[in-house]
Amino acid sequence: MHCFRERVLSSSNLGLVRYLFPRFFSRSPILFKRIKQTENEIVQMFTAEIPKEDESGIGVHSSRRRNNAGRVLDERFIRILKIFKWGADAEKALEVLKLKVDHRLVHEVLQVDVDISVKVQFFKWAGKKRNFEHDASTYIALIHCLEEAGLVGGLWKTIQEMIKSSCSIGQADVVKILRVLGRLKMVNKALLAFYQIKNRKCKPSIGTYNSMILMLMQEGHYDKVHELYNEMCNEGSCLPDTVTYSALISAFAKLGRDHLAIRLFDEMKDNNLHATAKIYTTLLGIYFKQGMVEKALGLVQEMKAKGCAPTVYTYTEIIRGLGSAGRIEEAYSIFLDMVNGGLKPDVVLMNNVLNILGRGGRMAIAIELFSKMESLGCVPNAVTYNTIIKALVELKAPVSNITAWYEKMKATGLTPSSYTYSIIIDGYCKKGNLEKALLLLEEMDEKGYPPCPAAYCSLINSLGQAKRYDAAHELFQELKENCGSSTARVYAVMIKHYSKCGRLSDAIDLFDEMKRLGCTPDVYAYNALMAGMVRAGLADDAQSLLRKMQENGCTPDLNSHNIVLNGLAKAISPERAIEMFNKMKISNMKPDAVSYNTLLGCLSRAGMFEEAAKLMKEMRSNGFEYNLITYSSILEAVGKVDEECKHADT
């Protein structure tokens, strides 16, 4: 019989011996001779040493590890596992050390810092031992090891073995499995495991349902959340709790099913469950989105009355909602009340406040608030600077102001993003400083930023307005070459300028190229091409394109209808213009001042003064004013008619 030490000293294991006994290793030939050992000597080698007594009488353990349960796991066995992996040597060591194969031992071995293959082999070997079966705890311990090692296939196989085995699986075990699969983003596998366990092992509790629902939420499977909720309610074995309602209300809000979110909120209150701040915040977002500002503010009062304190996230939603509704002073007042009440804002809330102040033209207050951010515990980030710079651009601030904030941003150590560059380039373009904008685009390229379509769009538009069409075309081609394609908005800008300079065929070619390359034309692209057709006197083609636009699923805006209406009016076709105008009146796209003035001009040019007078009366009753150009054209038309009448009389 080959003993353990004979194998250790064989030439094949020479490197391992050097690792184990580096100080005592010698090249002496004696060490390469086989050493005969009896069974008892082998046993003695693995027998745990009796602790020596020191002077204080306290036992000293030199080669053993004691776990929390009090059992000793011999360090020599761990060393064997690390060097020889799992095999006959390790099995023999386990036998000699008289370590009982039980669940505790399996846990101990799986916690040892050895290769994952050793753990898997040991786990399989233990599962074949007589009088031993793995339970849920040992399976989950191995699953965690496999997760840590990144062995997704082996992990899923182990879960399947666990489900098919005879071991019982509790609710806590199910939650652990779902969380592992959730971390690995294996949502479909998690759903499969959920239903397998439900059918074979145990019925899900509300905690299990919530774990599954929250995972689906995190990965954006909102429709599945609804399905699972319906299933849970139909079974009747467990009722939704606050966690369930919170996840469902969030899911419906993200799906745009606002009425269902509101219905669930009411249902939750009917079931005597108290809404959390997160639920209230989600509902506030829904009400503000629907323009129901007073309803949202009423919900804030209800929230406070029920003892649910608004969080920073709640205040962010309130301030953002009031800002969108144009109630800037009220939003800023609520922000001040929040700060005075002792609740510290975060940088997201601060950025929202700065945004609404900037858009409302309160730049002095915005800049003052910016200077106080650090004292409020908020360090300005790149978004903060972008918000200030964008507000300055929109308010047409001097270029020097915009540049100063850009330099200040860089001085703080923040790296401008491609969005930062696009904002500043747009600002330079609006100020007519094209050369500076082009230099900044070049700087972006030198710093390795990917081409930014928004920046190119601003430059191409400005070059077109300056009638530098060739330069605009060159920049457009550069964007396509660098990106492989372009955006619908950039195409729309290029189509608009081709149309304006009389290159309608080039504009149509670009429109067709968009579709061919899979870039779906948006409303701006359609409007740009229709305007070009109208400018070229092709009103029928423009009206045909308007119909195709609707057929292709692109919803026309009011500008789309006004462009075609203008084409029909210019073609001196009052009947068709009147027909289109009347259709607009009974549709969702009601005529505006531009529509009325366009038709008035058409009627005056056609000498239909009685109809024009009626339209002017209707226009005033609807709160619209006719412009001076239209009024002048009517007077001019009346004058021409009078002249014609005089000549006829003579």
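This is a predicted model: local features need pLDDT of at least 70, side-chain atom pairs count only at pLDDT 80 or more; totals for chains, interfaces and linings use all residues.
Local features require pLDDT of at least 70 and side-chain atom pairs pLDDT 80 or more, whereas totals for chains, interfaces and linings use all residues. Residues are numbered from 1 along each chain as its sequence is written, and side-chain values use heavy atoms, without hydrogens and water.

Helices are DSSP runs (H or I, at least four residues) numbered from the N terminus. Helix α24 (residues 418-430) packs on helix α25 (residues 434-446) at an angle of about 165°, with the axes 8 Å apart; axes are lines fitted to C-alpha atoms over the stretch in contact, and angles run from 0 to 180 degrees between N-to-C directions. The two helices are therefore roughly antiparallel (over 145 degrees). In this contact (heavy atoms within 4.5 Å), S418, Y421, I424, I425, Y428 and C429 of α24 meet L434, K436, A437, L440, L441, E443 and M444 of α25.

Helix α32 (residues 558-570) and helix α34 (residues 593-605) pack at about 5°, with their axes 9 Å apart. This pair is roughly parallel (under 35 degrees). From α32, L558, N562, L565, N566, A569 and K570 meet V594, S595, T598, C602 and R605 of α34.

The count of disulfides (pairs of cysteine sulfur atoms within 2.5 Å) is zero.

Technical notes:
Angles under 35 degrees count as roughly parallel, over 145 as roughly antiparallel, 65 to 115 as roughly perpendicular and the rest as oblique.
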